[in-house]
Amino acid sequence: DAQLVAAIVAGDRNAFAALYDRYADPLYDVARSLLRDPHDAADAEQDVFVIASQRLGQLREPERVRAWLFSVLRHDVYRRSERRRRTTPTDAFAEQAAPVMAEDAGGRLEYAELARLVRDAAEGLDDRDRLVLELSVRQGLQGADLAAALGVSADQSYSIVFRMRARAERALGAL
């Protein structure tokens, strides 16, 4: 990644395209999961690369560009979520209850049902916990990279992940 950033800073457009190819899908994935709207997710992903094109030269640790991109996305997602909260009225009773999942005769859940159960449990988490879940589990960020993406110290990131896992387990148990 450091070589890729150096090439971008030097003006290599192909290097920026390579950065986009490498990180566009994971960034969209996280944004889609958090924003729950494909159009907002695509806009957030695009905004990350616009900011990257303007500020990549200011990156102090080019080898950590992945964490930096997720940090930029985190700020954008929070901004969009806050704006949406202020403009969208909510009615908790208007939403339909999630369908109850049945076990088969052997007591096992099918993979698709299990995945849906985990997604439903994640819906019960707050925005920050869903972000931590996405970055740590689905995107594989950990340690200093996860801390940088979250904008906290490494020690704080371990605590945040621990607490998120506990809340996710409780939400999963409730379902």
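Which residues does Asp 129 touch, not counting residues up to four places away in sequence? Let's start there. The answer is Met 164 and Arg 167. One caveat before I go on: this is a predicted model.

So, Asp 129. You'll find Asp 129 in helix H6, and at 3% relative accessibility it counts as buried, because the cut-off is under 20%.

On the H6 side, the contact is made by Arg 128, Asp 129, Val 132, Leu 133 and Ser 136. H8 brings Ile 160, Val 161, Met 164 and Arg 167.

In soluble globular proteins, nonpolar side chains tend to be buried together. The largest nonpolar core in this model has 40 residues, and the ones that touch the most other members are Leu 19, Val 65, Leu 69, Leu 73 and Leu 135. Which elements give two or more residues to this core? They are H1, H2, H3, H4, H6, H7 and H8. H2 gives the most, with 9 residues.

Take Val 65 from that list. Leaving aside neighbours within four places in sequence, Val 65 is in contact with Asp 1, Val 5, Leu 19, Tyr 23, Leu 56 and Leu 59.

Now Val 30, over in helix H2, which spans residues 13-35. Buried or exposed? Val 30 is buried, with a relative accessible area of 0%. Beyond the residues up to four places away, Val 30 touches Phe 70, Leu 73, Leu 131, Glu 134, Leu 135 and Gln 139. And if you look at Arg 74, which is 44 residues away along the chain, its C-alpha atom is 9.1 Å from that of Val 30.

Last stop, helix H7, residues 143-150. Its buried residues are Gly 143, Leu 146, Ala 147, Ala 149 and Leu 150. Looking down the axis of H7, they fall within an arc of 165 degrees, so they line one face of the helix. After H7 comes Gly 151, with a positive phi near 75 degrees.

That's my tour, thanks.

Conventions: Residues numbered from 1 in each chain as written. Predicted model: local features only at pLDDT ≥ 70, side-chain atom pairs only at ≥ 80, totals over all residues. Heavy atoms only, no water. Buried < 20%, exposed > 50% of the residue type's maximum accessible area, 1.4 Å probe, protein only. Helix = DSSP H or I, 4+ residues; strand = E, 2+ residues; numbered from the N terminus. Arc of directions from axis to C-beta. Contact = heavy atoms within 4.5 Å. Core = buried A, V, L, I, M, F, W, Y, C linked by side-chain atoms within 4.5 Å.
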